[in-house]
Amino acid sequence: MTSLLNLPSHLKKDDLTALLKQMWQIRFFEEKVDEFFAKGMIHGTTHLAVGQEASAVGSIAVLEERDKITSTHRGHGHCIAKGAEVNRMMAELFGRTTGYCKGKGGSMHIADVDKGNLGANGIVGGGFAIATGAALTSQMKNEGYVVLCFFGDGASNEGSFHEALNLASIWKLPVVFICENNQYGMSGPAKEMMNIEDIAARAESYGIPGKVVDGNDVFDVMNGVSEAVDRARNGQGPSIVEAKTYRWKGHSKSDAKKYRTREEEQEWRAKDPIARLRDVLIQEGLLTDEEAAEIKAAAKKEIEDSVEFSKQSPMPTIDDLMEDIYA
Amino acid sequence: MRELTYLEAVREAMSQEMRQNEDVFILGEDIGVYGGAFGVTRGMIEEFGPERIRNTPISEAAISGTAVGAALTGMRPILELQFSDFMTIAMDNMVNQAAKIRYMYGGKGKVPMVLRTPAGSGTGAAAQHSQSLEAWMAHVPGLKVVQPSTAYDAKGLLKAAIDEDNPVIFYEHKLCYKTKSDVPEELYSIPLGQADIKREGSDVTIVATAIMVHKSLEAAVELEKEGISVEVIDPRTLVPLDTDTIIESVKKTSRLVVVHEAVKRGGFGGEIASVIAESEAFDYLDAPIKRLGGKAVPIPYNPELEKSAIPGVDDIVAAVKETLNHR
Amino acid sequence: MAKEIFMPKLSSTMQVGTLLQWYKNEGDSVDVGEPLFEIMTDKINIEVESYEEGILLKKYFEEDDEVPINHVVGYIGEAGEKVPESAPGESGAAKEQEDLSDSREAQPDDLAQQGITETTSQEASRDSADSQPSADKIRATPAARRVSREENIPLATVTGSGPNGRIHQNDVMAFVSSKTSAKATPLAKKVAQAQGQDLQGVTGTGANGKIYRADVENAKQATLAAGTGGKRIKMEGIRKVVAQRTLQSKTTAPHVTLTTEVDMSEAINLRKQLLGMIEQQTGFRISYTEIIMKAVAFSLKQHPNVNVSLEGNEIVYKEDINLGLAVAADNGLMVPVVKHVDQKGLSSLTAECKRLGKAARDNQVKPDEMSGGTFTVSNLGMYAIDAFTPVINQPESAILGVGRINEKPVGIDGAIELRPMMVLSLSFDHRVIDGAPAAAFLTELKEALEQPVKLLV
């Protein structure tokens, strides 16, 4: 039985169905990638965020168009939530020239700098300082944008976490550090890897706010991040928002998940963020079963279309190899 | 024309550039009222204020990444790293982020930043503050690497580096700081990738970098007394490397001595020697290529030991004679 | 891709060609079939026409340069195409050809068919390869290797001055200049020094051009005789070829010259009878040369041991009777060849000799008309020359010198009569032809000219 959410009163039906659709897009995108990985049609490695859709969608839902994000190795959801075209994302995973990175970046480096997505990052903790720098630009040029820096529980143990948060705090930079605490840094359980329960508690050492939200409740995420973003935009400096969530799949493709139990996984699956949103919308009479099914089908079709788009897109040639090394 | 020291030339290039380009700012440790570890930014905070002369915490990982993030979003940061040895801490941001972002993102985004840092031995600062690690950076595609030896070159090359749309590692040799040369008052640019023939000669080509340019010129004067005519080439930038000038010189002289302070093993001299061996100049070589570099030892504290760890004028004279088959 | 222009091989003996003039400049456009440049071979001047169309991108050689056959002379291609800065040497096509023949040699079937001769020559070439020290194992700098390639100096012959005997560029250059600076006997050096004579200018007559005292003295005399004035003309083209070939012939073939007097009465009669007939047929007037050539062909047929050639250590008996006809052209001696003289009548022989003579004087002889001779006739009968010792036109082994026809008193049946007499001088290579067979041939020839009716048989 899923727990129902506290529906924020200011959101209109269109906003709410958009949230639901985006979450479905992420879910289907990840499932499709999983499938094609298994079929050997996508190579390399990839990190899926199935189960974490609410933290991505909820965080970014409160941003303005001009705001920016930095993402992580588990970043497909952030990209979709920031408005990326799924065609170009899927094409990137297929290594095609129509992909966001012309097939040169792959899963871990999808970026859309013009749209404010400063990029996923293959280095754990690699985004802290970059987000800080982007926030510095906003402050120095008085551009008014806020930067959301996504990171995981594991990254909070990197040295760059401390250095960047310290720097961002002393300069009062407009950056919000969003921790998606999915309980495991690869195989390392968060509770074994740090001596505190909440990563948000670390905020105290930088003299900034730290707030824990239910990462599987899209509205709770929105509320927490919205507060932090307002603060940042008002020149009051950075915050940490920690969204407690869970990744349903393994860390990456080669993960047998021996470090956790079936029961634990089932427990979290019961808190499926998509089902929870759908159910509350139906219960509140904002959505019919049929409408929900339509949204789901539309999202699924977009992802399936993206596969077709990718398959028909050209492969890069050797001539492209040495392009774009220098500006 | 008036004379400036190398240190003054670096400062003048930054000041003049900052007066005309609002996007340029400096960040680094103790660069404010202290004026930087070597006094390069002395007086600049008074002119430009703490917003643009940003004194940072001792956080090389954060400030390097912040520079990357700021550059990616429209600023042109100059990062001063107190000692080039600390590159190890900034390395992740330079190598895994700055150098690769444009390529990973399929040609989108650019990282116009300069990392300025004093390098080399001769100050008694011992093993962790005296290294010459430029070959590491030259190895990484996506970075440009500059190593000026004179005040004139320092000013012109720094201007070019700031104007670059790519990350540039700008090595300033500590012992060069006090050397003087004629420096034009106006701002000028020396294109990256243009070697300079510091002295023309016909018998042997010496390719030398940084402080070794000065030592090679001294050696050339010594050798001239014995009727040996030495050509001294300063590549000035390792990436991009002006191979043409070096190849043409070796075709003329048939002999090559490469000198750098960095440890010979794995040093950039190996690259220069290989360029010649692979080029049309090979068929003009009339003696084995001679490389002079630092001994494979951490730089010691004792001044006599410190001196003997790196090539001296006598070593250069002997190497030239060896290639000339003077026994 | 740019196409190679190469020095064509225009005859079997051609090794190099001298570039006489370019008709195109770099940057000019060239059509297929357009003349590109003129060359001179050992036998002929000829225009080389373009096989390609495009822009003449590069000329590696200038006028008077000697270029080995198949070496790249220049490139034709599209404007802006990259071509090598310096002459790349042998053309790619020629190299391919060599590769092809290399791989052919490896075919066992071929070897079986070619039999033992082929095997022997292969062994010989392997031996010679072994006897050359391998350049790979010599310590030499790249620059020294480059100069040795350019100057064609085997590195094994150069002494290195570097560590462990490493050869440097200077060592090769010193070797080159020591080679070009003459080798001389100590006495010759002493004499040269005493006379203030530069040995560089002295031609040595000893082995490998070694200079003896006599050479120094001769050179001195020549210098004195020449004085300082006089017009000097660079020896080139046909003059140079004649010089080389006559020297080669005289220094390799032991020449013996036999002479005999021929009573030309009957030959003169024959000519008178044929003169009008042949002129009517061909428009040319028959001369004694054609009659003599016909008689020579007749006699060679009877004496095949004179129609021979020395190739390596084998005497080759030629099946064809192809007679060279020495012609004095403005710039030197030309020897066009009349093929199968034995099979031709006097009429067609006349027409062909006249045509070839004119062509030779006009420098228009085709390469194949200059090659394949088995015996040469040199006629100086138009001058007041009775007899001379002609130089064999190698690879032939004999040559006939023809003197003037002159009335002389001759004893016939106890009476003295004036008869039109002509001296024939036969030079032959004693390595391959002995005196007796040569004498028998000359006798046969004399009789054929004295009784030309024999030629009808």
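Two residues are taken to be in contact if their C-beta atoms, placed from the backbone, lie within 7 Å. By this criterion, in what is a predicted model, A:Val176 touches A:Val146, A:Leu148 and A:Cys149, together with A:Val225, A:Ala228, A:Val229, A:Ala232, A:Pro238, A:Ser239 and A:Val241, residues up to four places away in sequence not being counted. A:Val176 and A:Cys149 are also the residues with the most contacts inside the largest nonpolar core, which has 209 residues. Helix 1 of chain A (residues 13–38) supplies the largest share of this core, namely nine residues. Because domain 1 (3–182) and domain 2 (196–325) of chain B both give residues to this core, it lies between them. A second, separate core of 76 residues includes C:Leu19, C:Val73, C:Ile286 and C:Met293.

Between chains A and B, 35 residues of chain A are in contact with 36 residues of chain B. On the chain A side, helix 5 (127–140) and helix 6 (159–170) are the elements that give two or more residues, and helix 5 gives the most, with ten residues. The residues of this side comprise 19 nonpolar, ten polar and six charged.

In chain B, five strands form an open sheet of mixed pairing in the order 9-11-10-13-14, with strand 9 (196–199) and strand 14 (290–294) at the edges and an average twist of 25 degrees from one strand to the next. Strand 13 (residues 256–263) and strand 14 of chain B run parallel and are joined by four bridges, and B:Val258 has B:Arg291 as its bridge partner in strand 14. Helix 10 of chain B (residues 268–278) packs on the sheet, where it touches strand 10 (204–208), strand 13 and strand 14, and its direction makes about 160 degrees with that of strand 13.

Notes: Residues are numbered from 1 along each chain as its sequence is written. Chains are lettered from A and ligands numbered from 1 in the order in which they are written. This is a predicted model: local features need pLDDT of at least 70, side-chain atom pairs count only at pLDDT 80 or more; totals for chains, interfaces and linings use all residues. A nonpolar core is a set of buried Ala, Val, Leu, Ile, Met, Phe, Trp, Tyr and Cys residues joined through C-beta atoms within 7 Å. A residue is buried if 20 or more other C-beta atoms lie within 10 Å of its own, exposed if 12 or fewer, and partly exposed in between; C-beta atoms are placed from the backbone. Domain bounds come from an automatic or database domain assignment. Ala, Val, Leu, Ile, Met, Phe, Trp, Tyr, Cys and Pro count as nonpolar, Asp, Glu, Lys and Arg as charged, and the others, Gly among them, as polar. Two strands pair if DSSP finds at least two bridges between them. Axes are lines fitted to C-alpha atoms, for helices over the stretch in contact, and angles run from 0 to 180 degrees between N-to-C directions.
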